[in-house]
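Thank you all for coming; I would like to take you through one model this morning. Please have a look at the sequence and the structure first, and then we can go through them together.

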Amino acid sequence: MPPKNKKRDSRVVAPDILSYLPENIIDAIVMHLPLRDAVRTSILSKKWSWCCTQLSQIKAPKLRYFAFTGKIIFISLKGVPLLAKLSLVDTGYSEKAGKRGITKFLESFPALEHLHLDYYSVRFFAGEVPKQLRSALNSLKRLHLSDISLDELDVASCALYLTKSSPFLQEIEIEVYDEWIGPAAADVINEILEQVEGLSEVTSNHLIAVKLTGITCTDPEMELIKLLLAKSPMLAIMLIKNGLGAESPETRLKLLAEITQFQHASPKAEVVYELT
């Protein structure tokens with residue numbers, strides 16, 4: 001028999017309704033919230049804690065900087081006219097990779113100045129890369145591509161399109177990491193080389209600095225170096241750090257000698273080659 005001075009607790013703990021909502025409902029709710037409130041929903045339950053890493057659409061008219069690291073399933077940034085810096089690091093391959101065109105995605109960012117994409121995020125957007133410019137990225141000043149391979153056709157096409165579409169680009173940084181990519185077939189290399197040569201139609205009048213790391217001096221890499229030197233009259237410095245390829249030190253020195261013979265559009269251009 002319970003003590004008389006204590007009342008029996010008749011309250012029933014309510015089920016965690018939020019955790020049992022379907023994912024499409026959670027996505028629809030978060031999508032219509034301001035960005036700050038959308039991030040706060042991650043504390044509601046364990047299921048909601050992942051929703052911000054898989055946001056499909058974000059609207060934030062005052063947003064100036066957006067950085068995302070996670071698995072990209074679908075992403076749409078609309079209503080962000082002031083966005084100046086964008087960084088997307090995709091941590092895993094998505095089945096929807098290649099189904100989202102880079103041109104349509106970037107049209108929403110008229111003020112974008114700094115863009116960073118990694119290998120998987122480039123793959124995500126690499127499916128529909130037009131040969132002709134649809135719209136120029138007139139505000140873009142810095143392009144950073146990390147952990148990519150210029151020997152892979154769709155990735156190289158997307159990277160070259162971004163370079164070609166940015167007439168006021170001042171800085172380019174490309175980090176090559178292709179240890180998981182096998183040797184490209186001869187026809188693939190030839191097609192990539194044709195696309196690289198397409199850059200000869202564009203003069204990078206504002207490009208000042210280029211940083212290339214992990215370079216193993218493949219044909220597409222060498223052709224890109226050659227064209228950037230030849231078509232950048234304001235270039236001040238190009239820093240090249242070699243990667244861990246199979247080339248011997250003697251071979252690398254020969255490639256360096258070849259690079260030093262490339263034509264420079266800028267009389268002030270300094271090429272710094274670092275051997276590891």
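Which residues have the most contacts inside the largest nonpolar core? Before I answer, let me say that this is a predicted model, in which local features need pLDDT of at least 70 and side-chain atom pairs count only at pLDDT 80 or more, while totals for chains, interfaces and linings use all residues. Residues are numbered from 1 along each chain as its sequence is written, and side-chain values use heavy atoms, with hydrogens and water left out.

The answer is Leu86 and Leu88, in a core of 62 residues, where a nonpolar core is a set of buried Ala, Val, Leu, Ile, Met, Phe, Trp, Tyr and Cys residues joined through side-chain atoms within 4.5 Å, and buried means under 20% relative accessible area, with a 1.4 Å probe and protein chains only. Helix α5 gives the most to this core, with seven residues. Leaving aside neighbours within four places in sequence, Leu86 is in contact (heavy atoms within 4.5 Å) with residues including Phe66, Leu77, Phe105 and His114.

Turning to helix α6, residues 186–197, its buried residues are Ile189, Ile192, Leu193 and Val196. Seen down the helix axis, these fall within an arc of 105 degrees, taken from the directions from the axis to the C-beta atoms, so they line one face of α6. That buried set packs against α5 (153–164) and α7 (219–230), whereas the face turned away from it carries Asp187 and Glu194, which are exposed, meaning over 50% relative accessible area.

Finally, confidence: pLDDT, the predictor's confidence in each residue from 0 to 100, averages 78 over the protein chain, and 68% of the residues score at least 70.

Terms used: Helices (H or I, at least four residues) and strands (E, at least two) are DSSP runs, numbered from the N terminus.
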